[in-house]
Amino acid sequence: MAYSFSLNTRLHNTITGLLAVLLYSCLLTPAAYAQRIQTDFDVKLLARGLSHPWGMAFLPDGRILVTERVGRLRIVTPDGRISGPVSNVPAVYHKKQGGLLDVALDPDFAANRLVYLSYAEPVGTSDGTIASTAVARAELDGNSLKNLKVIFRQNPKTDGGQHFGSRLVFAPDGNLFITLGDRGNYKEEAQNIDNHIGAIIRIRPDGSVPEDNPFVKNNKAKPEIWSYGHRSVQGAAIHPKTGELWIHEHGPRGGDEINIPEPGKNYGWPNASYGTHYSMIPIKDEHAEQGYEEPIYYWTPSVAPSGMLFYTGGLFPGWRNNLFVGTLAGQHLIRLSVSSDKVLTEEQLLKNTLRFRDVEQGPDGAIYLLTDENDGKILKLLPTAE
Ligand SMILES: [Ca+2]
């Protein structure tokens, strides 16, 4: 199925109209003027008709690989044409939060054509009730995948349709980070390093374990684990100056966090959180007091963060090295100015508009957003034309 596509001016006008109201309300003070300069952007609709798109990755020629949670991978051209489904994508468990999730390119993609997919992998057929997050890599050959190999499986597989993570991010040293979740019904297991529940994983691109992983010499631990005590991590990015991994994770009722996961460290879930359990049972706020790592930032009430980008492009010089986070429940895009290890300021963009599942930077320096809808869209943020 292919779509041809033209600009949806109604959506465009709605969003720019909301921005106009925001801009008008910002004209009151000199401080607000500086903010006005930074929020002066247009939103263009690049493509629509994607079913709950989840992750995207830019090919060197400017086309975009986009996953749909139902289990399809598509390629979108820079002018918004959507390909038919790429063939040979692995079968996925498509229930609740499960399905085909993130996509990433090998750092050496131009030479080896390797792409990486994360997904909820069922036991047996896709109709099963037991699943966990897995990562496969394959060569992209035209509109199909070949030589597909599963390089990681979250162990154990469990019931439940929640908290699969997952984002795929390559570190500057060439290792692959995979962010996972606690699978919903098994939150206590996020404290156990003899399984992969609630962990961040670090492997080589072929699935083998780097010798300097923190638990390789602990024969009671899974050697792929980088850090643990995480709830469900749907955003990850490498800080452009420090080269460190930053992640965010969903809290329960409140307490969504940003963490900079360090090797072997415990981020406290489910024993420490700035949120409360859905049952309204309180959780101890204090991470450090209980021996866990404190988040560097948190949101209460929850925004349900998804997707994470450090902006390094040239189109928005005022936003360089800022951190962008999409939100689902929040229905806005968050812009954070940050230092090497702190969040300094927060601004909400596109308030009360759509559920934003992923945020990426294109080779053109524009910011691209995926919306979480049946009629999922790719939106493009560009500086307002003079
Ligand atoms: Ca925590």
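Modeller: Start with the loop between strand 8 (144-153) and strand 9 (168-170), where Pro156 lies. The model is predicted, so the angles here are computed from predicted coordinates. A cis peptide bond joins Asn155 and Pro156, with omega at about 5°. Ser166 is also placed in the loop between strand 8 and strand 9. The peptide bond leading from Gly165 into Ser166 is cis too, and its omega is near -5°. As background, most peptide bonds are trans.

Next come two asparagines with positive phi. Most residues other than glycine have a negative phi. Asn88 is not a glycine, yet its phi is positive, about 70°. Look for Asn88 in the loop between strand 4 (72-76) and strand 5 (100-105). A buried residue would need 20 or more, and an exposed one 12 or fewer.

Asn352 has a positive phi as well, near 55°. Asn352 sits in the loop between strand 20 (343-349) and strand 21 (356-361). Here the count is 9 other C-beta atoms within 10 Å, so Asn352 is exposed.

How many residues of strand 21 are buried? The count is 6 of the 6, so strand 21 is largely enclosed by the rest of the structure. The partner is strand 22 (residues 367-371). Strand 21 and strand 22 run antiparallel, joined by 5 bridges.

One more loop deserves a stop. Tyr278 lies between strand 15 (256-259) and strand 16 (297-299). Tyr278 counts as exposed, because it has 8 C-beta neighbours inside 10 Å. Which residues does Tyr278 touch, leaving out those up to four places away in sequence? They are Pro252 and Arg253. Tyr278 and Pro252 are 26 residues apart in sequence. In space, their C-alpha atoms are 6.5 Å apart.

Conventions
Residues are numbered from 1 along each chain as its sequence is written. This is a predicted model: local features need pLDDT of at least 70, side-chain atom pairs count only at pLDDT 80 or more; totals for chains, interfaces and linings use all residues. Helices (H or I, at least four residues) and strands (E, at least two) are DSSP runs, numbered from the N terminus. Two residues are in contact if their C-beta atoms, placed from the backbone, lie within 7 Å. Two strands pair if DSSP finds at least two bridges between them.
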